[in-house]
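Me: I would like to go through this model by question and answer. Please show the sequence and structure before we start.

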Amino acid sequence: MTYPELVGIAALGLSTLVSGVAMLGRTRAAAPGVPLALGGLAILAGALAWRADPGLARWAFVGGGSLLLPLAVTAYPRLRWRSPVDFVALVVVCGAGLFAVASLSLTGPWGYSGVLLPAGVTTAVTCLLHIWWKLERSDGADRRALTWMGLSLVSAGVVFFFIVFALDGVTGRSTGAGIVYGAGFALFAVIGPAMFVGLRRPEVVDVRGLVVQAVVLLTAVVVYMAVYATIEGVLELLGGRPPSVGTIALAAALAAALFHPLQLAMRGVIDELLFGTRPDPLGAAGHVAENIGDDPALALRVIREALVLSYGELRVEGVVMATSGTAVTHTRTLPLDIGDGRTGELVVGLRAGDLALTAGDKHVLDLARPLLAQLLRAGMLADQLQESREQTVSAIEEERRRLRRELHDGLGPRLSGIAFTADAARNTMREDPESAAGLLRALRAETGTAIREIRELVYGMRPPALDELGLVSAVRQQAETLRTPDGRSMRITIAAADLPPLAAAVEVAAYRITVEALRNAARHSGSQVAEATLRVDGGDLVVTVRDHGSVGQPWTRGVGLTSMRERAEELGGTLEAGYADGGGRVVAVLPLSPSG
């Protein structure tokens with residue numbers, strides 16, 4: 001046995017040993033893990049001991065390769081022996097392996113009794129049939145694990161067969177042949193890691209897609225070899241002698257030209273046989289465009305059904321908005337640009353046998369993504385509008401409740417008292433003018449108080465200064481009264497371009513927000529200087545209030561800040577407040593045509 005062959009066998013033993021030891025970390029994997037680790041150890045020991053004691057190395061090879069490794073395959077992914085099929089498979093594998101090991105004692109370490117080959121064939125056929133039987137009756141995690149192991153076994157075995165087939169006419173064991181055989185032995189090193197992945201991380205990639213790729217490649221290679229051999233045979237038959245090198249090269253080029261088209265054709269056939277038909281991209285795109293509708297959940301279902309996908313999901317900033325189908329392990333995520341700085345995602349589950357989305361799938365999804373983004377945006381805007389309406393209705397009801405409470409608890413009793421005092425004054429006017437005069441003075445005072453309360457109610461609904469002075473002058477009037485906590489006067493600059501006539505609700509909101517922001521600057525900024533700017537930008541009134549305070553900490557939302565934000569949102573606007581450019585800043589954007 002050449003040195004390259006020993007290196008390949010040692011690689012097989014080391015990989016199997018490490019994989020078996022790694023599998024021992026799980027209880028359910030102990031049954032296949034123990035013989036896998038022992039088999040790898042035996043093969044590695046045999047490769048290392050070959051030069052010193054070939055006879056002992058052969059015992060290790062036969063014990064590890066004919067008994068321990070087949071036993072690990074039979075017990076994978078978990079040991080079962082109660083079923084008659086499982087029990088028979090275990091008995092046959094163990095019996096054939098023990099018989100092969102025992103035959104060495106009859107013939108000596110170098111003898112060939114004719115037992116090893118039939119024992120090996122029996123073991124291989126039993127293992128393959130048992131794997132197929134378990135695949136047919138397993139599901140879920142066990143099925144994926146068996147698929148991983150079966151793919152690695154068959155792939156390594158087929159490639160090794162081609163190596164042996166290619167070197168069939170080579171006599172002796174030259175260095176070149178030894179390197180090829182060593183590479184062939186090393187191919188089987190993938191089996192142990194595949195068994196480990198099948199138990200611990202079967203979802204790392206869709207193994208069904210690997211199966212399709214392997215079957216397609218194998219079929220294409222076999223057909224390619226058959227076409228090439230047929231062309232060469234026909235040329236030799238027609239010419240009466242072996243074809244020349246140029247003719248052989250031309251035949252190889254002709255056969256190679258068929259390789260890629262054959263792969264494409266076989267992919268379609270195998271896909272359909274194993275996993276059903278695939279949709280036509282053009283037809284799927286037309287179906288999506290015609291039936292996508294205006295409901296994100298319905299649109300997602302249309303896309304999933306048109307592309308024959310198992311699962312679809314729509315997310316906006318991590319929040320699931322709609323799902324369709326059954327969740328799968330392998331998915332692909334596509335971004336959605338919803339606008340206003342918000343992002344969404346379209347998550348689709350891969351079809352069975354696919355490692356990635358096909359070009360046709362990507363094309364259809366690229367066409368559908370803008371439609372889905374618009375649907376999500378429309379839904380979000382509708383929700384915002386509904387929320388704004390609800391807030392407006394709630395604010396109106398709260399204001400009505402406040403007015404009712406003020407009228408009932410304050411102004412109502414006061415007016416009743418005025419009426420009773422007037423009656424008392426009238427009754428005592430002739431008999432006791434002094435008392436009547438006192439009652440009239442009390443009546444005048446109560447009337448004045450009632451008038452002030454009415455003015456306060458009116459001011460709460462709309463400041464009178466807006467009607468008397470206008471928006472900008474009313475703000476200036478309030479600004480002149482502001483003081484810092486230590487009593488210093490505020491130096492406030494108010495700038496306003498020519499403002500158009502404003503809706504009453506917009507005017508009141510702008511006044512309240514500006515005055516409240518200036519009041520906050522006076523109380524909390526630590527500065528005597530502030531500026532307020534009112535300007536029209538497109539269809540919005542933009543109110544900006546800045547101060548020159550030194551506080552750079554994040555702002556805590558209080559009653560004033562919450563009130564300002566609610567007033568802006570009631571009109572469908574926005575409000576931002578915080579520390580910026582060396583001071584505090586409040587920016588309110590109020591639509592000139594309020595949505596509320």
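Me: At roughly what angle do the axes of helix 13 and helix 14 cross?

Reply: The model is predicted, so local features need pLDDT of at least 70, side-chain atom pairs count only at pLDDT 80 or more, and totals for chains, interfaces and linings use all residues. Residues are numbered from 1 along each chain as its sequence is written, and side-chain values use heavy atoms, with hydrogens and water left out. Helices (H or I, at least four residues) and strands (E, at least two) are DSSP runs numbered from the N terminus, while axes are lines fitted to C-alpha atoms, for helices over the stretch in contact, with angles from 0 to 180 degrees between N-to-C directions. The axes of helix 13 (residues 296-307) and helix 14 (residues 359-428) come within 10 Å, and they cross at roughly 175 degrees.

Me: Which word describes the direction of helix 13 relative to helix 14, parallel or antiparallel?

Reply: Angles under 35 degrees count as roughly parallel, over 145 as roughly antiparallel, 65 to 115 as roughly perpendicular and the rest as oblique. The crossing is at roughly 175 degrees. Helix 13 is therefore, relative to helix 14, roughly antiparallel.

Me: Which residues of helix 13 make the contact with helix 14?

Reply: Contact means heavy atoms within 4.5 Å. On helix 14 the contact is made by Asp361, Val364, Leu365, Ala368, Leu372, Leu375 and Leu376. On helix 13 the residues are Pro296, Ala299, Ile303 and Leu307.

Me: How many bridges join strand 1 to strand 2?

Reply: Two strands pair if DSSP finds at least two bridges between them. Strand 1 (residues 311-316) and strand 2 (residues 319-325) run antiparallel, and Leu314 stands opposite Ala322 in strand 2. The number of bridges joining strand 1 to strand 2 is six.

Me: Which residue in the hairpin of strand 1 and strand 2 takes a positive phi?

Reply: Most residues other than glycine have a negative phi. The hairpin of strand 1 and strand 2 has two residues between the strands.

Me: With which residue does Glu317 form a salt bridge?

Reply: A salt bridge is a side-chain nitrogen of Lys or Arg within 4 Å of a carboxyl oxygen of Asp or Glu. The closest N and O atoms of the pair are 3.5 Å apart. The partner lies in strand 4 (residues 342-349) and Glu317 in the loop between strand 1 and strand 2, so the pair ties together parts that are 25 residues apart in sequence. The partner of Glu317 is Arg342.

Me: Is Glu313 buried or exposed?

Reply: Buried means under 20% relative accessible area, exposed over 50%, and partly exposed in between (1.4 Å probe, protein chains only). Glu313 meets Arg315 in a salt bridge (2.7 Å, N to O), and Arg315 is partly exposed at 22% relative accessibility. Because its relative accessibility is 10%, Glu313 counts as buried.

Me: Which residue is joined to Pro77 by a cis peptide bond?

Reply: Most peptide bonds are trans. Pro77 lies in the loop between helix 3 (54-74) and helix 4 (84-107). The cis bond has an omega of about -5 degrees, and the residue it joins to Pro77 is Tyr76.
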